[in-house]
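Please read the following report alongside the sequence and the model, and look up each residue as it comes up.

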Amino acid sequence: MKLIVTVKQVAVLDDDFEMREDGKDVDREYCDFDLNEWDDYSVEEAMRVKEEFGSEADEVVVVTVGSLEADDVLRKCLAKGADRGIRVWDDALEGSDPVAVARVLAKVVEREQPEMVLTGVQASDHAFAQTGICLAAFLGWPHAAVVSHLDYKPGAGEALARRELEGGLEEEITVQCPAVLTIQLGINSPRYASLRGIKQAAAKPIDVLTHADLGLEGAQVGEAGSGARVRRMYAPERARAEMIEGTRAEQAARIVQIIKEFRGL
């Protein structure tokens, strides 16, 4: 049995930050980086399945698309018990949107042939919530999104999943495997890496691949292979609040004045 978990290194902003000169992102000097919160739950769910039903030959593989710095999140997952890491990166991948990233991940999945792929519902930095579903589409696999409970025994050929719907509703479905599931927060309690696990992670392998290694053309990745591009990123204007004092007539007059100012009258 093999489970693949896709993970992402996300940016965590300080209270004070500045934009890059091109205005398309935050200057990296003002960011801290960590494992995406949703992916932490995905890794834990994969480890739960392996520990409950797996054998010594089974493995959990964590995969990311990112530069050298993304090795840190892979090592964090390996320290929590994952067996192997794969990082895909080269200069051509710069500027890839979620669909292009999913195209890359699909090639990794085809190469690894797992029984199931777990992804986070979304990433905490951009929150597109697209990569997992696009990955399933590229693979042509069944999928379930926003999974809050999973019953899965490797080799069974199907999984029972409970997923969140709008309005506080939940849906229980059976998914044929292999499948892609996007994991919601709260499905489990992610473990902390032990000191022993951290030491062992340093010796576990991380394979580094390029888009060419996966049989992809340059036009399929990066900005060339993306349908969406960032035009501009900016912090919205902060809302203002004013406490209006005085009599009711005075308060009403001030409200009328504010409305006129807002409308430019």
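Helices here are DSSP runs of H or I with at least four residues, strands are runs of E with at least two, and both are numbered from the N terminus.

This is a predicted model, in which local features need pLDDT of at least 70 and side-chain atom pairs count only at pLDDT 80 or more, while totals for chains, interfaces and linings use all residues. Residues are numbered from 1 along each chain as its sequence is written, and side-chain values use heavy atoms, with hydrogens and water left out.

**Overall picture**

The predictor's confidence in each residue, called pLDDT, runs from 0 to 100; for this protein its mean is 93, and 99% of the residues reach 70 or more. Confidence is lowest in strand 2, with a mean of 89, and highest in strand 10 (residues 179-183), at 98. The protein has 6 helices and 11 strands, and its C-alpha atoms fill a box of roughly 80 × 45 × 40 Å along the principal axes. Of the 265 residues, 40% are buried, where buried means under 20% relative accessible area, exposed over 50% and partly exposed in between, using a 1.4 Å probe and protein chains only. Among contacts (heavy atoms within 4.5 Å) between residues at least 6 apart in sequence, 71% join residues at least 24 apart.

**Helix 2 and the cysteines**

Helix 2 (residues 71-79) has as its buried residues Asp 71, Val 73, Leu 74, Cys 77, Leu 78 and Ala 79. The relative accessible area of Cys 77 is 1%. The structure holds 0 disulfides, a disulfide being a pair of cysteine sulfur atoms within 2.5 Å.

**Backbone details**

A cis peptide bond, with omega about 5 degrees, joins Cys 177 and Pro 178, and Pro 178 is placed in the loop between strand 9 (170-176) and strand 10. Two residues other than glycine also deserve a look. Gln 113 has a positive phi, near 55 degrees, and belongs to the loop between helix 3 and strand 6, where Gln 113 counts as exposed at 58% relative accessibility. Val 146 likewise has a positive phi near 55 degrees, but Val 146 lies in strand 7 (residues 143-151).

**Pockets**

On a 1 Å grid over the protein atoms alone, a pocket is an open set of points where a 1.4 Å probe fits, with protein on both sides within 12 Å along at least five of seven lines, and lining residues have an atom within 4 Å of a point. Grid points are joined across faces, edges and corners, and a volume is the space filled by probe spheres set on the points. Ala, Val, Leu, Ile, Met, Phe, Trp, Tyr, Cys and Pro count as nonpolar, Asp, Glu, Lys and Arg as charged, and the others, Gly among them, as polar.

| Pocket | Volume | Lining by class |
|---|---|---|
| Largest | About 1700 Å³ | 23 nonpolar, 15 polar and 12 charged residues |

Strand 2 supplies the largest share of the lining of the largest pocket, 4 residues. The second largest pocket is lined by Arg 240, Ala 241, Glu 242, Arg 254, Ile 258, Glu 261 and Phe 262.
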